[in-house]
Amino acid sequence: MFENAFNNIDRVLRNDEGISSELDYAEQTSWVLFLKYLDDLEAERQDEAELEGEAYTPILETPYRWQTWAAPKANGKLDHNAAKTGEDLIDFVNRELFPYLKKFREASDDPDTLEYKIGEIFSEIVSKFRSGYTLRDVLEIIDGLNFNSQKAKHELSDLYESRIKRMGNAGRNGGEYYTPRPLIRAMIKVVEPQIGETIYDGACGSAGFLCEAWEYLRRDDLPSKDWQTLQRKTFYGQEKKSLAYVLGIMNMILHGIETPSIRHTNTLTENVMDIQERDRHDIVLANPPFGGGERKEVQQNFPIKSGETAYLFLQHFMRKLKAGGRGAVVIKNTFLSNTDGASVALRKELLETCNLHTVLDCPGGTFQGAGVKTVVLFFEKGSKTRSVWYYQLDPGRNLGKTNPLNDADLEEFVTLQMELEDSPQSWSVDVANLDAETWDLSVKNPNGPEEAPLREPSEIIDAMLARDAETAQILEDIRGML
């Protein structure tokens, strides 16, 4: 039922001139889904209040509630006479509904409340529907969905994840929002979060790391105290971009977290020297954006200045961890070997303030459309690195859109990492043997086949000239046959 509903929504959206890309599909579906979720949540809260003999005041005023404008009912069926459509519906959404919902951000001081989330979401996105008839069709489809059971939320979350994945496949910008879930799950297994620990992602995008960590920790038989801990005191995220923020909020809600602790802010504007113990977390899981380039004033927030955004994030994550805290962070593999001042200084700081115990070398194609190779750094805050264990992931095939990374590809890595075992794909490097000038951590598998020695430039030139002479002779022979 849910899959059919999402397919029907896609078919409807294709007919609207204002919605043209996978990113638009995800964004516009998200705000409508959110309002339907909010209506179901309000109905559930009202029922609970009535059972306890208490009064309940809905968050939204009557004219702006789902059942008033989106799906007014008569005898349990949509009342077409009361339901707005066409230009009337577009005017209501753009001129009344969105301005009303934006005001919630100003009315609430706590960014972790549902009221603040409502205001934040509808301050950052706009309705792109141009046709009120298209929007009416979408509203009717989504009205048929429900959020009243964990099973329903689970099915909806799977479909929503597939939509985010399609965004990642759709192009360069979409790829910012999607990290392969098998890789995330492997990272979580290595870090081994426990209930009672806090988990943080300062570049959370669509909240894939936080959602997968939730799935790792949650169980149906959890005591009420542990359940509340997971709901309210475990997962924390920050995201700069508006669309990603909305996707992250909606993704966590669909996974079963009612009021996600995700804040819409640029993490890098926080001076890392101002981070206090109360701001720190037990675990960091992240895939910060590569490249980029923050303004000079933002770089002043970091002791090691760099135009590489990922380097600034890594400094932030190192300082966000509590003593003994664990981190797993995706970064470009060039971080391990670049010889510029920032790269060298950051590698040295990482090795001297954290135990960088594991480096996972990911093959090309792990991140579709990224065009760069990546590694995952696993480290523990508070003790120097003495030895680094490397694992060179080789799935035995070329990764791509139709042949992505899967959980089975990472099973050996997770198993061997428990004891940091050597194998044809894994080895350890003693930090004492590193060059103290460069702290080069390049991936060099000593167990792999030996590479042929590089030829001297003069040998290469001689070979090229010989090939040119051979080609010239072949052309002369062909000329003689004409």
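This is a predicted model: local features need pLDDT of at least 70, side-chain atom pairs count only at pLDDT 80 or more; totals for chains, interfaces and linings use all residues.
In which sense do β10 and β11 pair, and over how many bridges? The tour reaches that pair after a look at the whole.

Residues are numbered from 1 along each chain as its sequence is written, and side-chain values use heavy atoms, with hydrogens and water left out.

**Whole protein**

Show the C-alpha trace. Its atoms fill a box of roughly 85 × 75 × 45 Å along the principal axes. Colour by secondary structure to find 16 helices and eleven strands; helices (H or I, at least four residues) and strands (E, at least two) are DSSP runs, numbered from the N terminus.

Switch to a surface. The accessible surface comes to about 23400 Å², and 46% of it belongs to carbon and sulfur atoms; areas come from the Shrake-Rupley method with a 1.4 Å probe, and for residues only the protein chains shown count as cover. Of the 482 residues, 50% count as buried. Buried means under 20% relative accessible area, exposed over 50%, and partly exposed in between (1.4 Å probe, protein chains only).

Contacts are heavy atoms within 4.5 Å. Among contacts with a separation of 6 or more, 74% are between residues 24 or more positions apart.

**The sheet**

Select β3 to β11. Nine strands form an open sheet of mixed pairing, in the order β5-β4-β3-β6-β7-β9-β8-β10-β11; two strands pair if DSSP finds at least two bridges between them. β5 (261-264) and β11 (426-430) stand at the edges, each with a single partner strand, so one side of each is left without a neighbour in the sheet. On average, neighbouring strands are turned by 15 degrees against each other, direction ignored. Axes are lines fitted to C-alpha atoms, for helices over the stretch in contact, and angles run from 0 to 180 degrees between N-to-C directions.

Select 281-286 and 321-332, which are β6 and β7; these strands run parallel and are joined by five bridges. Within the pair, L285 stands opposite A328 in β7.

Move on to β8 and β10 (387-392), a parallel pair with four bridges. Here D361 stands opposite Q392 in β10. Now the opening pair: β10 and β11 are antiparallel, over five bridges. Zoom in on Y391, whose bridge partner in β11 is S426.

**Single residues**

Select E192, in the loop between α8 and β3 (199-201). Its phi is near 55 degrees, a positive value in a residue other than glycine. Most residues other than glycine have a negative phi. E192 counts as partly exposed, at 46% relative accessibility.

Then select N75, in the loop between β1 (73-74) and β2 (77-78). Phi of N75 is also positive, near 55 degrees. Is N75 buried or exposed? N75 is exposed, with a relative accessible area of 83%.

Finish at R232, in helix α10 (residues 224-232). R232 is partly exposed, at 47% relative accessible area.
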